[in-house]
Amino acid sequence: MFTTRPEILGTFGVVTSTHWLASAAGMSMLEKDGNAFDACVASGFVLQVVEPHLVGPSGEVPAVFYSAKTGKVEVLCGQGTAPKGATIDHYKREGLSLIPGNGLLATVIPGAFDAWMILLRDHGSLRLRDVLEPAIYYAEKGHPLLPRVSDTIKGLKSFFETEWPTSAAVFLPGGNVPEARKLFRNTQLAETWKRILREAEAKGRNREGEIEAAREAFYKGFVAEAIDRFARSNEVMDQSGSRHRGVITADDMASWSASYDTPLTYDYHNYRVNKIRPWGQGPVFLQTLALLKGFDLGAMGPTSAPFIHTVVEAMKLAFADREAYYGDPDFVKVPMETLLSDQYSDERRKLIGERASRELRPGHVEGYELQVERMMKALRDLSTTDRKVTGGEPTMASMRSARRGDTVHIDVVDRHGNMIAAMPSGGWLQSSPVIPELGFMLNSRAQMFWLETGLPASLEPGKRPRTTLTPTLAEKDGEPYMVFGSPGGDQQEQWQLLLFLRHAHHGLNLQEAIDLPMAHTAHFPSSFYPREQKPGHLAAEETFGTEVLDELRARGHDVESMPAWTVGRLVAASRDKDGLLRGAATPRLMQAYAVGR
């Protein structure tokens with residue numbers, strides 16, 4: 001079938017990401033004889049420069065990876081936790097019923113920098129300078145500004161000038177909105193990284209020592225001190241309509257570190273899918289697979305109404321369980337064994353009929369009745385159905401919100417057999433004001449907590465927010481095979497699932513599966529402030545065709561016909577048993593690219 005670009009084939013290495021400059025930077029690490037992990041780190045830092053509306057240095061990153069050296073699939077948790085001062089009582093005293101989607105109270109401890117450093121230290125091979133130099137170059141010398149970055153800044157111009165002057169100083173040079181496709185610089189950010197590098201090389205006696213010194217500079221040195229000062233000294237306007245100081249401190253920074261985690265897995269036909277545990281929404285993908293096991297998806301066309309209907313109805317059930325049960329397993333007991341069991345899935349599958357459901361229907365797990373009742377009450381009281389649904393994905397042209405950020409993604413596979421899927425996000429230019437000494441902003445991931453007690457995702461100090469970030473690694477016939485992901489907030493799992501199912505059931509290659517029309521639902525509550533939901537909603541690209549969209553409407557879906565090439569930001573890479581590497585990237589938004597040889 002026709003594809004907008006070829007599926008990249010090679011044997012040396014493949015890097016695919018949501019921006020061509022990041023993919024090229026990652027590939028340059030492979031050319032330096034680095035490995036997939038070096039490439040992923042370099043790409044991650046470049047994305048912080050070239051997609052500042054989607055990711056920044058204070059954000060977070062979960063990753064799932066396979067190391068040829070260890071022979072294991074692992075998860076890297078670069079998701080920061082709530083600061084010690086982030087209590088429900090404090091936020092209630094601030095007059096809040098929901099944590100706003102931006103400002104200083106929305107921040108958790110920045111997690112990405114430490115995660116990148118640990119990945120580089122333990123699994124990479126290049127030095128710190130090698131992987132930082134591309135990002136420093138683009139921040140200092142300039143990079144061609146994406147039109148969507150310019151548009152986002154334009155939408156925030158008056159707000160920046162009035163409320164966030166430190167952001168205006170960086171993103172409105174000379175008081176003007178920077179032009180799309182012209183060179184844009186963030187020299188202060190470049191200087192921050194150069195200072196970290198200087199301190200690292202001065203203190204570290206070897207490669208590992210330099211990385212440890214860089215971690216110290218960020219979490220116990222000048223970066224942490226600047227974050228502490230800024231949060232304590234500034235009352236910042238946020239989406240609540242009032243001004244608040246932050247609660248994050250240098251002590252919070254110093255006492256946290258990224259960590260490794262065991263992936264949660266599910267066997268689906270001849271695949272084993274690896275996801276993060278329920279401190280994120282990753283298990284939704286696995287629960288949906290467990291429900292879909294009972295359907296002959298291969299007999300349905302990959303763009304047919306029966307296929308989309310069946311997948312969407314299964315996802316509605318899995319996302320309902322996300323709301324009722326998921327939270328940081330270090331703080332709450334999540335019944336994942338039950339939720340993924342055949343017995344549970346067999347009963348839940350009976351709820352999938354020929355008509356679209358308009359209900360939020362979490363399943364019954366014995367002993368959790370009170371928790372589910374509390375969660376449903378919170379949703380009735382605090383979630384809204386009267387606002388335009390944006391679904392956490394501002395990069396879709398007709399659903400953009402200048403004040404909401406999104407995410408980026410990186411997949412790398414190298415000739416040694418290493419592979420990694422990483423989902424960096426947070427610290428967007430619209431999340432909070434720029435810290436002048438650093439040239440970057442804090443994140444807003446805390447908005448995913450609830451300010452009601454007794455819920456699996458209730459705010460608590462030291463707790464991870466239930467993030468939407470969800471990279472994927474699939475094994476095939478017992479071998480590490482494929483890494484993939486997509487930005488998109490609550491849509492991440494939905495778009496990834498369509499890619500995976502079309503590849504697994506219909507034999508489409510990676511690019512073919514990505515290029516086919518995409519769809520998603522906003523039926524369930526958004527993870528983002530102000531927690532919108534739209535029962536029965538189904539967004540689908542018009543390229544499905546009138547007949548398919550009409551049949552979906554006949555089945556009871558509230559179909560929102562989306563312009564062609566506007567839904568999804570998927571990228572993927574894989575490795576065949578014979579060593580042939582493949583890569584693909586979405587043509588949507590015209591910036592993601594796969595490179596390889």
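These exercises, with worked solutions, concern a predicted model.

**Exercise 1.** Determine which face of helix α15 is buried and what covers it.

*Solution.* 
Step 1. Locate the helix: α15 spans residues 342-349.
Step 2. List its buried residues, which are Y344, S345, R348 and R349.
Step 3. Look down the helix axis. The buried residues of α15 fall within an arc of 130°, so they line one face of the helix.
Step 4. Turn to the other side of α15, where D342 and Q343 are exposed.
Step 5. Find the cover. The elements over the buried residues of α15 include α12 (282-292), α13 (305-325) and α14 (336-339).

**Exercise 2.** Decide whether V273 is buried or exposed, and list what V273 touches.

*Solution.* 
Step 1. Apply the cut-off. Buried means under 20% relative accessible area. V273 has a value of 0%, so V273 is buried.
Step 2. List the contacts, leaving out residues up to four places away in sequence. V273 touches L264, T265, Y266, F285, L286, L289, T472, L473, A474 and F500.

**Exercise 3.** Describe the largest nonpolar core and the contacts of F45.

*Solution.* 
Step 1. The largest nonpolar core has 93 residues; F45, W116, L128, F160, F171, W193 and I196 touch the most other members.
Step 2. Helix α2 (residues 36-50) supplies the largest share of this core, eleven residues.
Step 3. Beyond residues up to four places away in sequence, F45 touches F113, W116, M117, L132, A135 and W193.
Step 4. A second, separate core holds 79 residues, among them L264, Y325, L510 and L549.

Note on methods
Residues are numbered from 1 along each chain as its sequence is written. This is a predicted model: local features need pLDDT of at least 70, side-chain atom pairs count only at pLDDT 80 or more; totals for chains, interfaces and linings use all residues. Side-chain values use heavy atoms; hydrogens and water are left out. A nonpolar core is a set of buried Ala, Val, Leu, Ile, Met, Phe, Trp, Tyr and Cys residues joined through side-chain atoms within 4.5 Å. Buried means under 20% relative accessible area, exposed over 50%, partly exposed in between (1.4 Å probe, protein chains only). Helices (H or I, at least four residues) and strands (E, at least two) are DSSP runs, numbered from the N terminus. Contact means heavy atoms within 4.5 Å. The arc is that of the directions from the helix axis to the C-beta atoms.
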